[in-house]
Amino acid sequence: MEQVVANGLYLGAQYALVALGLTLIFGLMNVLNFAHGQMYVLGGFITYAVYGQLGLPFVVAVIASGITLAIIGGFMERFLFRTVIRRSHREESTMLLAAATAFFFDAVILLIFGEKQRGVPKIVKGVFNDFGIILPYDRILVGLLAGAIILGFILFMKYTKPGRAMRALAQDRMAAQLMGVEVNRYTMIGFALGAMLAGFVGGLLATITGINSGIGGPISIKAFMMIMIGGAGVVSGAIAGGFILGMMESVGLTVLRQYGDVTYLVIFAALMVFLSIRPNGLMGKPWG
Amino acid sequence: MTQSQMTRRTLLGAVGVFALAAAGGPAAAADAKLKIGFVGVTSGPAAAWGTSNVRSMQTRAAWLNETGGVKIGDKTYEIEIITFDDQKDPKRAVEGMEKMAQEGIHYVVGPNVDDGAAAVRPVAEKNNIIYFPYAFPKELYTKPASNAVLGMIANYQSGPAIYKYLMDKKGVKKVAFVAANESDPLSQRDSGVAAAKALGLEVVADKDVYQNDTRDFTPVLTPIVALKPDLLVLSGVAPANAPLLIRSARELGYEGLISAETAQDAKVLSEGAGDLANGFISVGGASTPEIASDTMKEFVDRYTKMFGEYNDESNTKVYALEYIIETLKANPKAIDNVEEFKKTMDSFSAPNPFLKGDAKLSYVGVTSFGQKRQLAVPMVVNEYKDGAFQTLFVGTVD
Amino acid sequence: MSISRRIIAVTAFLILVFAVIPILIAVSGRKDFYYTLSSVALLSMASAGVWLTFHIGRINIGQGAYALMGGYVSAILVMSYGVSFWWTLPLAGLFCALASILIGLPILRLRGVYFAMVTLVLTEVARLLALALPVTQGAKGITSIPVEVFGLTLVPDFTMMENPRIAFYYLSVALMTACFALMHRLVNSRIGHICMSLQQNEELASSIGINIAQIRVIAYAISSFLGGLAGAVFVAATQSVYPSSFTVADSINFMLNCFLGGLGYVFGPMLGTLVLYFGWNLLFETGRFQLLIYSALMIALMLVLPNGLLSLGTLRKER
Amino acid sequence: MTFLLEAKGMTKRFGGLVAVNNVSFGVGAKEILSVIGPNGAGKSTLFKLISSFLRPTAGEVLFRGERISDLAPHIAARKGVVRTFQETTVFRNMSVRDNVIIAHHLRSKASLLGYFFATRQAKEDEAAFGRSADEILGFLGLESIAGETARNLPHGHLRGLGIAIGLATDPAVLLLDEPFAGMNHDETMKAVAMVRKLRERGLTILLVEHDMQAVMKISDRIVVLNFGQKIAEGTPSEIQRNDKVIEAYLGIEDEAIGL
């Protein structure tokens with residue numbers, strides 16, 4: 001049982017980090033970024049190239065992933081999403097743009113990095129094995145790093161000027177504008193930040209689960225589920241959703257295994273029932 | 001805009017697109033061109049399956065063309081490979097097969113998965129196409145079906161051989177199975193479980209599944225490792241998932257054997273699991289140094305030159321095109337007559353260029369399907385060791 | 001617009017799909033387009049359903065679930081109960097409509113991305129159910145659905161026709177024409193305005209006495225009916241159904257078809273499906289760059305026409 | 001006195017917070033009754049409770065002696081109790097006239113299927129709705145903007161449109177949500193005159209408002225809330241003299257202007 005909880009916590013930490021960037025972008029612009037998973041994959045491949053191929057230190061690689069993605073995210077907001085949001089009658093229209101961007105990233109990644117699963121050398125060797133828990137050290141390290149990034153992000157949002165501006169934006173765009181927040185600037189920063197988080201987590205996980213050009217879509221969908229559980233557009237909700245989904249998978253796969261193929265059926269059905277009862281997730285803002 | 005304008009615009013648009021499409025259609029085929037089709041998955045999470053397929057076909061075709069083409073009957077043909085990405089969607093696979101029929105193609109490699117292979121069957125039969133799926137459902141190859149030829153060794157053929165070998169040589173008694181929650185892996189798991197039970201092995205886990213998009217397999221494997229099986233079978237495992245499963249199992253302290261009945265890539269295993277993958281048993285083709293002929297070695301070189309990197313999955317996928325061409329050579333009438341092809345299949349035999357020694361290319365499958373609807377591919381069982389495969393044993397299928 | 005112009009437009013459309021396209025196919029010899037265009041017709045019906053849920057202000061990424069459900073209902077009725085294929089079409093649609101009422105009652109209370117996500121999950125639930133239930137034959141799917149079901153009396157006998165693909169083409173475009181005719185009437189009648197009032201403000205709609213729960217369920221049921229019907233015909237055309245016949249990717253595509261054609265235009269899903277599905281096929285020649293070009297074109301289209309292809313007309317008018 | 005609409009012991013709790021606490025009052029036929037109170041007094045919660053947009057924790061709303069508090073909003077509307085919204089709540093992408101036409105829903109005689117098949121009844125309905133919409137727009141002086149798309153309207157017209165939508169439902173009681181908010185003196189006076197005209201059409205009006213001046217001018221009776229409780233009820237002159245009311249308002253005003 002200790003093992004199951006440890007698995008769930010580790011899974012939760014990485015899920016939460018994936019969901020965080022997605023929820024930030026959603027909170028700021030009401031854009032459901034279908035390309036989030038692809039950003040993660042791109043981050044993973046950059047780490048693969050920098051750490052795995054060029055042999056630079058892992059930390060450098062992960063930072064390179066984050067920065068590259070931040071730049072890409074900024075450009076996406078400035079030249080794609082901003083235009084479409086300004087000109088379209090219904091804000092849902094950004095979903096097509098997001099999906100098209102996702103396909104585009106998929107194509108680029110496949111062309112550059114190929115179809116194979118890639119991996120990088122382990123950052124730390126060895127396995128922790130005590131108290132009934134088996135956990136490789138590199139997982140512990142990545143879990144801790146993920147936690148640190150989450151914490152850093154929360155502090156950033158709470159105590160810095162851009163962070164506060166973005167929170168104001170997410171809460172009420174009009175009011176924030178009236179209060180003198182430069183909406184365009186901070187929306188772009190927010191999008192870049194969300195993309196950077198995707199890049200970080202992609203880079204971090206490249207060392208554990210490797211990276212593969214085709215998994216962007218499935219990752220996006222999983223991340224959507226997490227932010228639905230916690231409530232879309234809310235930082236604490238994304239974190240909660242990540243940990244809840246991680247724990248549900250870990251416990252479900254153990255408890256329900258003798259019934260065969262039903263674990264995910266149960267998780268999904270539970271999610272549907274839960275959302276029927278709580279239409280805005282645990283702590284989400286309503287969105288009409 | 002009024003409704004009528006809209007309708008008209010839709011109409012005009014439709015006509016325009018159509019005209020464009022018709023214009024962009026196939027040019028009249030040159031006499032000396034032999035088109036071979038491929039319908040399979042070359043994008044998305046399973047892209048590796050189809051890509052390794054397409055690339056081995058393209059490599060071999062370029063090689064043959066470079067050396068003057070292929071002489072069938074008294075004509076010399078240039079080989080052209082027409083590929084269609086079905087995105088692992090059976091609807092698209094049907095579309096692809098229609099496209100092949102449209103191109104006048106009679107020999108198609110693929111699809112890569114069960115449902116795609118079964119979905120294209122009516123189209124292939126109606127349009128006189130012989131196709132070579134990498135999918136295992138027996139209905140495709142047993143009568144009344146007659147146009148599908150299994151391109152590799154099915155897991156219900158290799159599984160029993162591997163389990164038997166491991167029982168005898170490594171004292172395996174308890175087996176656990178784990179599969180992705182999708183058609184192919186589930187079917188393969190079920191036939192694997194049946195084979196293991198038939199051999200008298202104790203099956204301790206036969207219901208564990210994971211979503212195919214799983215990135216972290218520790219939660220899936222935790223309860224299975226606790227059962228301490230001697231052998232963990234990764235049924236129908238995708239090459240991308242294999243190293244992750246192996247790594248998770250080993251890091252959880254699993255000490256038994258791990259095997260798969262699908263082809264894998266050594267580079268992927270070494271990057272994804274490193275030394276932890278040592279001892280992993282999988283089915284391969286012909287590229288291990290013990291058995292590869294010079295032709296095979298040159299093939300690998302050319303492939304690497306053409307695409308930057310070899311994929312060991314191509315070891316099993318190099319054969320289909322070779323069989324098509326050799327069978328056509330043996331019976332030139334078959335070039336646009338699949339009934340002739342089928343006749344020739346019963347008696348066909350040619351030297352296997354990819355294997356050392358005097359191995360033969362021939363059609364088999366009588367035991368499994370009641371008719372010769374399978375390529376005689378050497379059943380090479382490999383063991384991964386330090387970045388490369390080593391051949392454990394080579395079996396045959398009849 | 002005047003009635004006579006409407007008649008001209010409708011006639012032109014009918015002549016195009018029932019005569020001009022078959023002639024073009026015959027002349028160009030591209031027989032494979034029959035299947036492609038049948039697919040477009042059927043998928044655009046499913047997309048029309050999604051469009052209707054957009055019309056009441058819901059982002060529906062769950063149409064794949066109903067298409068799959070409809071396909072299985074038809075296949076099971078034909079295979080296990082010997083029901084004629086023709087009867088299975090309305091039955092599959094009705095089954096899906098009923099199921100969607102049960103599912104819709106709780107989930108239609110959700111809005112925005114929450115509804116979108118729940119329906120996305122629904123697609124996955126449908127696939128997992130198809131894998132897990134005995135009646136669907138799990139991973140193996142239902143294959144070799146007999147083509148003899150087309151030996152019927154009332155309607156043209158498919159087996160008599162030279163090429164069943166042509167028969168399916170006519171069936172598909174006939175259904176599509178009927179579907180869009182009904183949709184057009186629905187949207188331009190008072191019902192369409194009621195749906196639109198929900199889209200714009202549900203609280204206000206409810207304050208003026210509109211039973212929003214009822215309208216939502218009705219629209220969702222119609223949507224699912226169309227999904228189920230399209231799925232059933234598709235299964236008959238390919239003679240097989242699997243858990244992977246309609247997946248999350250399909251659900252997303254149905255939604256994208258609506259966006260691309262234009263959410264404000266009832267014929268948007270038809271054009272959107274044609275461009276997205278057919279466009280992909282046309283780019284077949286570009287080989288490994290297919291996806292790259294396809295997605296780049298999509299992004300470009302979105303930047304130029306963020307309100308869908310059909311907004312091109314209004315754009316011109318505004319100038 | 002028998003009331004047309006009566007609130008009895010209305011209470012609403014949100015978690016631990018009591019937003020409305022045991023409030024009772026009644027509105028007679030053709031009366032104009034205003035509910036006022038400082039910010040956060042529970043006015044809008046009470047408003048939603050009466051219009052059935054919220055369910056009370058305790059208490060009930062009676063309309064013609066019949067309980068309507070647990071009904072869905074559209075059923076309350078069908079019975080004759082209709083609310084308006086503050087200005088941004090209109091069907092933004094429809095024309096002004098279409099906004100009003102769609103709001104005739106409760107007067108439909110044809111069924112939904114009837115509308116689909118355009119039966120005679122349906123056609124008659126649509127024609128009648130069109131005529132009625134024109135009449136309502138004329139009554140409110142909005143005929144000049146009938147063709148405008150609602151999202152392009154200026155604020156003043158939006159409020160008029162909101163009332164037009166309410167009128168189209170042919171209500172017995174019209175609940176107005178802060179009809180004078182954000183208006184300058186002239187606009188307020190015009191709006192006050194309009195509300196009086198509504199009463200002349202035979203409507204009973206219950207309004208929730210912040211603007212004391214307008215309320216004093218228009219109301220027959222006034223109910224005052226503070227901290228979720230009713231602290232006073234009476235005619236405008238009674239309310240003006242009420243110590244509790246003065247205290248409540250002064251306290252708030254002081255804070256609001258930072259004294």
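## A pair in chain D

In strand β8 of chain D, D:E209 has D:I36 standing opposite. Elements like this one are DSSP runs numbered from the N terminus, with at least four residues (H or I) for a helix and at least two (E) for a strand. This is a predicted model, in which local features need pLDDT of at least 70, side-chain atom pairs count only at pLDDT 80 or more, and totals for chains, interfaces and linings use all residues. Residues are numbered from 1 along each chain as its sequence is written, while chains are lettered from A and ligands numbered from 1 in the order in which they are written.

## Around strand β8

Strand β3 (residues 32-36) of chain D pairs with β8(D) in the parallel sense, over five bridges; two strands count as paired if DSSP finds at least two bridges between them. β7(D) also pairs with β8(D) over five bridges, again parallel, and here D:L174 is the residue opposite D:I205. To get from β7(D) to β8(D), the chain goes through helix α7 (residues 185-200) of chain D, making a right-handed β-α-β crossover. Right-handed means that, with the strands pointing away from the viewer, the path from the first strand over the helix to the second runs clockwise.

## The hairpin

Strands β1 (residues 5-14) and β2 (residues 17-27) of chain D run antiparallel and are joined by seven bridges. D:F14 stands opposite D:L17. The two strands form a hairpin with two residues between them, and D:G15 in the turn has a positive phi of about 60°.

## Two domains in chain D

Chain D is split into domain 1 (1-80 + 175-183 + 206-259) and domain 2 (84-170); the bounds come from an automatic or database domain assignment. Their C-alpha centres lie 28 Å apart. Eight residues from domain 1 and six residues from domain 2 make the contact, with two residues in contact if their C-beta atoms, placed from the backbone, lie within 7 Å.

On the domain 1 side, α2 (73-79) and β7 (173-177) of chain D are the elements that give two or more residues. β7(D) has the largest share, three residues. That side divides into five nonpolar, no polar and three charged residues; Ala, Val, Leu, Ile, Met, Phe, Trp, Tyr, Cys and Pro count as nonpolar, Asp, Glu, Lys and Arg as charged, and the others, Gly among them, as polar.

## Chain D and the other chains

Which chain does D touch? Chain C, through 25 residues from chain D and 20 residues from chain C. On the chain D side, α2, β6 (81-83), α3 (96-102) and α4 (112-117) each give two or more residues, and α2(D) gives the most, with four residues.

No contact joins chain A and chain D, whose closest C-alpha atoms lie 9 Å apart. Chain B and chain D do not touch either, with nearest C-alpha atoms 16 Å apart.

## Confidence in chain B

Chain B averages a pLDDT of 84, and 92% of its residues score at least 70; pLDDT is the predictor's confidence in each residue, from 0 to 100. Over residues 19-30 of chain B pLDDT stays under 50, and the model has twelve contacts beyond four places in sequence for them. Where pLDDT is low, the predicted coordinates should not be read in detail.
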